[in-house]
Amino acid sequence: MPPLLARLVAKWGLGAAEILDGGSEALAVAGELPDGCGAVIKIAPPWADLMGAERRVLEAAGGRGFAELYAVDEEASALLLERLGMRLDLLGWTPQAQMNALCAALMEVWRAPAPPSELEDGAAKARRLGGFIEETAQTLGHPLSEPVLARARLYAADRAAAHDPGRAVLAHGDAHAANALQAREGDGFKFIDPDGLFIEPAYDLGVIMREWPDILLRGDPLAAGRARCARLAARTGVDAEAIWRWGYLETVSTGLLCCKLDVFDWREMFQVAEAWAAD
């Protein structure tokens, strides 16, 4: 890695390079380009694929809603990206303020041109989520009730059938607050680390639905969830029921993944899923 990084720093002229912390997979190194513009070199580990969906999304977006892609080194599986500011989740904002900022940033993302033939579409994503839920629940000894799983099957089939290429957009695919960073200009945010989907906008808002489960559990989680869904719909003009169904699938699937890895707040997600299944 040191020789590879040295080659990339020299190739792109990145001065005062420093390794950034807080990432979960790739190596990110920040510095200044010769013109004084801040940039980040992102190097993928062998099991990741920066040259796939992420590269295609960033190239298609051209800096709209996402960090701008300056250059690519295919041999090193590395990207040279625009350097952004602080992560949204580290600014001390309330969850509602963070949700508002995410909605504004997503509405910019959805305006970017999408390369539909090169990204997973809504039907495939819904089927994959449904399959993951079934398989992981079985592997873990069925930690969720049958009504929760039955509702997941129903919603996965529904969203797969609802996919319409004419209404699909370029979506981030994992639009939570840790993936939203302050833009260099103005008071908005841009996203990093896109999964990249060609899907209805409701999917990205469904990811927001799964966040902050502890807040949903402070009262009636079903009522609180429906209220959050209504706010997201009102802010973006996206169909509330589509948001709800993707949010349910994201809550169940992410809870199962976190349970499998024993990380984060999977217990709270399970409690929310059980309450939402009674709707």
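Predicted model: local features only at pLDDT ≥ 70, side-chain atom pairs only at ≥ 80, totals over all residues.
Reader: What makes Cys103 and Cys37 buried?

Author: Buried means under 20% relative accessible area, exposed means over 50%, and partly exposed is in between, with a 1.4 Å probe and protein chains only. Cys103 has a relative accessible area of 1%, so Cys103 is buried. Cys37 has 15%, so Cys37 is buried too.

Reader: Why is Phe132 called partly exposed?

Author: Its relative accessible area is 25%, which lies between the 20% and 50% limits, so Phe132 is partly exposed. Phe132 has its place in helix α4.

Reader: What makes α4 a helix in this description?

Author: Helices (H or I, at least four residues) and strands (E, at least two) are DSSP runs, numbered from the N terminus. Helix α4 covers residues 122-139.

Reader: Which residues does Phe132 contact, beyond its neighbours within four places in sequence?

Author: Contact means heavy atoms within 4.5 Å. With those neighbours left aside, Phe132 is in contact with Ala137, Ser253, Leu256 and Leu257. Phe132 and Ser253 are 121 residues apart along the chain, yet their C-alpha atoms are separated by 7.1 Å.

Reader: How do you know that Asn179 is buried?

Author: Its relative accessibility is 7%, under the 20% limit, so Asn179 counts as buried. Asn179 is found in the loop between β7 and β8 (180-182). Leaving aside neighbours within four places in sequence, its contacts are His172, Asp174, Lys190, Phe191, Ile192 and Asp193.

Reader: What makes β3 mostly covered?

Author: Strand β3 spans residues 38-43, and six of its six residues are buried. Gly38, Val40 and Lys42 point one way, while Ala39, Ile41 and Ile43 point the other way. In a regular strand the side chains alternate between the two faces of the sheet.

Reader: How do you know that β3 pairs with β2 and with β5?

Author: Two strands pair if DSSP finds at least two bridges between them. Six bridges join β2 (residues 27-32) to β3, and these strands run antiparallel. Ala30 has Val40 in β3 as its bridge partner, and Leu27 stands opposite Ile43 in β3. Five bridges link β3 and β5 (residues 78-82), again in the antiparallel sense, with Ala39 opposite Glu82 in β5.

Reader: What is the order of the strands in the open sheet of five?

Author: The order is β1-β2-β3-β5-β4, with antiparallel pairing. The edge strands are β1 (15-19) and β4 (69-73), since each pairs on one side only.

Reader: How do you know that β6 and β10 pair?

Author: Strands β6 and β10 (residues 197-199) have two bridges in the parallel sense, which meets the requirement of at least two. Asp121 has Phe198 in β10 as its bridge partner. Both strands belong to an open sheet of three with the order β6-β10-β7 and mixed pairing.

Reader: Which residues of α5 are buried, and why are they said to be on the same side?

Author: The buried residues are Val148, Leu149, Arg151, Ala152, Tyr155, Ala156, Arg159 and Ala160. They cover an arc of only 165° around the axis (taken from the directions from the helix axis to the C-beta atoms), so they lie on the same side of α5. These buried residues pack against α4, α9 and α10.

Terms used: Residues numbered from 1 in each chain as written. Heavy atoms only, no water.
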